Amino acid sequence: MTYRLLLVLGLLLSHLAVRAQLAQPAFELQQLAPGVYAAIDQGGRAGSNAGIVIGNRTVLVVDTLYREPASRALLDAVRKLTDLPIRYLVNTHHHIDHVAGNRLFAEAGATVLAQRNVPGWVQPENLRLLGGEQASAEQKEQVAQLLQPQLTFNERMSLDLGGRRVELQHRLGHTGGDTVVWVPDAQVMFLGDLLWRRSIPNLIDANLVQWRATLETLGVMGEQTRFVPGHGGVASAQDLREFAGYLDALDQAVADAQGPEETRSAAALEALRARYAAWAYFKGLAAPNVRDALAEREGRKRVPAPRP
Ligand SMILES: [Zn+2]
Ligand SMILES: [Zn+2]
């Protein structure tokens, strides 16, 4: 085979591989109850999970995914399910992987809702999440273009979708501005990043003490409740306890470790590796988790400041 032919073949194959990747869906739409759906990220192509709740009169969407084709696919998915207007979009928190498609849904007529701390954090805290000044010009532009929530609440808010009530509840832990979306008649709870199923979480804006207390109160929700996490598949009460167990183990590993900071971090990481190496994102997030947990324990953890 000539070099040229090889080159052409190679190009063709890589083109086909890209096409195949594009053809793969960004998320799997799972029906959890009549009119209640979870969009579960597939292979990181959506960047996070989302949700759809349909009443008799209006539709509520939970979060808008990270990558633009995924956000568009989510809007298309709603349109295929119902002609009813999308009245509400709830952001479970400010992180970019949950709010990147806000503008798309606002243009489709939705009012963007979140806990009162969220709007002020969308730009500065996402820029920090992406590395601050180290972020690429493209990332900076994406953050600058993010649409902030337009309507906020402090502790809780009840929404009527027509024949179906949805409760928004502020809970502490992952960011300080987290919202839980509860659909009582369906026994489904969208937890945003307060829950990561069999995945190591991002703790950049977290408070572990508050997070563990929140999971304890959610743990009594009942065995029949289904929980939609921000990352990972649809979860049971057992999965919730398993995740709480990880945060406990992290806190314990950091408490047990002795010596100078570097030695302590390494020992804590090894203790976690023994139990959690198989969880998603262990490689990327376990070491930062140890750093964050140590900083919190020593009272030098920086978290976003709540709105006065
Ligand atoms: Zn998050
Ligand atoms: Zn997330």
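Biologist: Which residues form one aromatic cluster?
Modeller: This is a predicted model, where local features need pLDDT of at least 70 and side-chain atom pairs count only at pLDDT 80 or more, while totals for chains, interfaces and linings use all residues. Residues are numbered from 1 along each chain as its sequence is written, chains are lettered from A and ligands numbered from 1 in the order written, and side-chain values use heavy atoms, without hydrogens or water. The cluster consists of Tyr246, Tyr276 and Trp279.

Biologist: How many aromatic pairs does the structure hold?
Modeller: Rings of Phe, Tyr and Trp (its six-membered ring) pair if their centres lie within 6.5 Å; planes under 30 degrees apart are stacked, over 60 edge-to-face, and the rest tilted. By that rule, the number of aromatic pairs in the structure is five.

Biologist: Why is the pair of tryptophan 196 and tyrosine 281 classed as it is?
Modeller: The ring centres of tryptophan 196 and tyrosine 281 are 6.1 Å apart. Their planes stand at 90°, so the pair is edge-to-face.

Biologist: How many residues apart in sequence are the parts that tryptophan 196 and tyrosine 281 tie together?
Modeller: Tryptophan 196 is in strand β11 and tyrosine 281 in the loop between α9 (261-276) and α10 (282-297); helices (H or I, at least four residues) and strands (E, at least two) are DSSP runs, numbered from the N terminus. The pair therefore joins parts whose separation in residues is 85.

Biologist: Is tyrosine 281 buried, partly exposed or exposed?
Modeller: Buried means under 20% relative accessible area and exposed over 50%, with partly exposed in between (1.4 Å probe, protein chains only). Tryptophan 196, at 4%, counts as buried. Tyrosine 281 has a relative accessible area of 39%, so this residue is partly exposed.

Biologist: What is the geometry of the pair of tyrosine 246 and tryptophan 279?
Modeller: Their centres are 5.7 Å apart. With 40° between the planes, the pair is tilted.

Biologist: Which residues coordinate the zinc ion (ligand 1)?
Modeller: Donors are N, O and S atoms within 2.8 Å of the metal (3.2 Å for Na, K and Ca); water is not among the atoms, so sites may look incomplete. Here the distances are 2.1 to 2.2 Å. The donors are His93 (NE2), His95 (ND1), His174 (NE2) and Asp193 (OD).

Biologist: Which residue bridges the zinc ion (ligand 1) and the zinc ion (ligand 2)?
Modeller: The two ions lie 3.6 Å apart. The bridge is aspartate 193.
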